Amino acid sequence: MDQAVSVNADPNMPSDSEGRNSRWRNWTGFWLLGLCNNFAYVVMLSAAHDILKQQGSHNSTSPTPSTVALYVEGGKGSRYDCSPVSTAAVLLADILPTLIIKFSAPFFIHKLPYGFRVLVCVATAIASFLVVSFSSTVWISILGVIFASVSSGLGELSFLSLTVFFSRDVLGGWGSGTGGAGMAGALLYSALTQAGLSPRNTLLIMLVVPVAMVISYFFLLVFPPSFPQWKCREAESVRGGDSQSRRPLLDDTDEEEEREKGAEEDKVTGPLTNIEKLHIIKGLLRFVVPLGVVYFAEYFINQGLLELLYFPKFYLSHAEQYRWYQTLYQVGVLVSRSSLCCVKIRRIWILSLLQCVNAVLLLLAVYYQFLPSAWLVFVIVIYEGLLGGAAYVNTFYFISKETGDRQREFAMVAASVGDSLGIAISGLTAFPVHRYFCSL
């Protein structure tokens, strides 16, 4: 690590108004970065579906109500109102690119300057909105979804590692922003389409979101003076060493001793070796595994079970019930990801256990159909979102707090794979579950 750069040990901030202003700007900047980073990811599924439906009806000018679930009301051949394709199929298309990035990036991402990473995130987010807006085939629309996934995955691991250069409270801003992205994305898309805009024009309006990311990162954040914005972190660490400045002062008898001393210093301040990275990953398992379990159970519920929890006598239609399930889930996520300033939970495994209880309860509810009303499901879904959001923000807070300065940046990047891996496994698991219930 560059020793001239603060690495999240709660740097000493000035006590005057300028220092307070910098801290507030950084918190707000990370909140906006979290919101913008997850925004395209959230809206892309429902937007792609609407665009595809318009492609099939050339003369249609009215917008289709947004929905993530691809429902066919009154499905036949099953006691469940099943869609022909599980929502897990679309979930996998949206999560697998992110998962691939998170698995591979920790071993090379440090070679890319932060400024360049952000520009790639912005470019792929813009591409996702444009490609889906103007797509004429299913595969082009899927390509747009992939762009959104790449932007979200690269952005998450980059911004999480970026937090190590700021006061630790920016993690609260990031978590709250990512929680707000789900609710804001769904509500804004729905509101604009319901107001009469076509899905295509709605997506074009949302191009303002990547622009907001650029403004938040380059103009709102207050970076440390020596932050390597356009320089490779590894090269910066090498240049940060003072061996070259000492060499003219060395005589022949002391040169070997100084070289040995420099080698020892590199073990403390130099770039991490692959062996060290693997050792760090092993130590992170106590955080990553519980986080993955939480998100496995969470998305198994959201994409495997909620579409089957339909109450025909309720005043909302099937699609409307599902849409409210997803919206209320995002409300729970927003609240819990914004709670870091009030409560901190060290034992993430407790949240994993509670989320698994939720999954088992709702699985039994789908099979035996014993829940009396959608109102009870609404409450459970909010609770589910609270558990998931709390697991996410507390996991990265305690990784940041308990990891050494030199290892912290890599640890934040590597740990980001936990939630995506859990989501991907849940998508694969939801396929046979959906097929089984729809065959009953």
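# Reading the labels on a predicted model

Tutor: Cys341 is exposed, at a relative accessible area of 68%. Keep in mind that this model is predicted.

Student: What makes Cys341 exposed?

Tutor: Its relative accessible area is 68%. The label needs over 50%. So Cys341 is exposed.

Student: Why is Cys121 called buried?

Tutor: The relative accessible area of Cys121 is 1%. Buried means under 20%. Therefore Cys121 is buried.

Student: On to helix 14. How do you know that its span is close to the expected one?

Tutor: Helix 14 covers residues 374-402, which is 29 residues. From first C-alpha to last, helix 14 reaches 42 Å. The expected value at 1.5 Å a residue is 42 Å.

Student: What makes helix 14 mostly covered?

Tutor: Of its 29 residues, 21 are buried. For each of those, that means a relative accessible area under 20%.

Student: Which residue caps the N-terminal end of helix 14, and how do you know?

Tutor: Ser373 is the cap. One of its side-chain oxygens lies 3.2 Å from the backbone nitrogen of Trp375. A polar contact has a cut-off of 3.5 Å. The distance of 3.2 Å is therefore within that cut-off.

Student: What makes Gln369 partly exposed?

Tutor: Its relative accessible area is 46%.

Student: Why are helix 14 and helix 15 called roughly antiparallel?

Tutor: Their axes cross at roughly 160°. Angles over 145 degrees count as roughly antiparallel. Therefore helix 14 and helix 15 are roughly antiparallel to each other. The axes come within 9 Å, and the crossing is right-handed.

Student: How do you know that helix 5 and helix 12 are roughly antiparallel?

Tutor: The axes of helix 5 (residues 170-194) and helix 12 cross at roughly 165°. The limit is 145 degrees. So helix 5 and helix 12 are roughly antiparallel. Their axes come within 8 Å, and this crossing is left-handed.

Student: Where is Thr327, and why is Thr327 called buried?

Tutor: Thr327 is in helix 12, residues 318-337. Its relative accessible area is 15%. The cut-off is 20%, so Thr327 is buried. The C-alpha atoms of Thr327 and Gly182 are separated by 7.9 Å, though the two are 145 residues apart along the chain.

Student: Why is Phe147 counted as partly exposed?

Tutor: Phe147 belongs to helix 4, residues 138-162. Its relative accessibility is 27%. That value is between 20% and 50%, so Phe147 counts as partly exposed. Its C-alpha is 8.6 Å from that of Ile126, 21 residues apart along the chain.

Student: What makes Tyr299 buried?

Tutor: Tyr299 lies in helix 11, residues 274-305. Its relative accessible area is 13%. That is under 20%, so Tyr299 is buried. The C-alpha atoms of Tyr299 and Glu384 are 10.0 Å apart. Along the chain, Tyr299 and Glu384 are 85 residues apart.

Conventions
Residues numbered from 1 in each chain as written. Predicted model: local features only at pLDDT ≥ 70, side-chain atom pairs only at ≥ 80, totals over all residues. Heavy atoms only, no water. Helix = DSSP H or I, 4+ residues; strand = E, 2+ residues; numbered from the N terminus. Expected span 1.5 Å × (residues − 1). Buried < 20%, exposed > 50% of the residue type's maximum accessible area, 1.4 Å probe, protein only. Polar contact = N/O pair within 3.5 Å; in protein donor to acceptor, adjacent residues only side chain to side chain. Axes fitted to C-alpha atoms, helices over the stretch in contact; angles between N-to-C directions. Parallel < 35°, antiparallel > 145°, perpendicular 65-115°, else oblique. Left-handed = near helix turned anticlockwise from the far one by under 90°.
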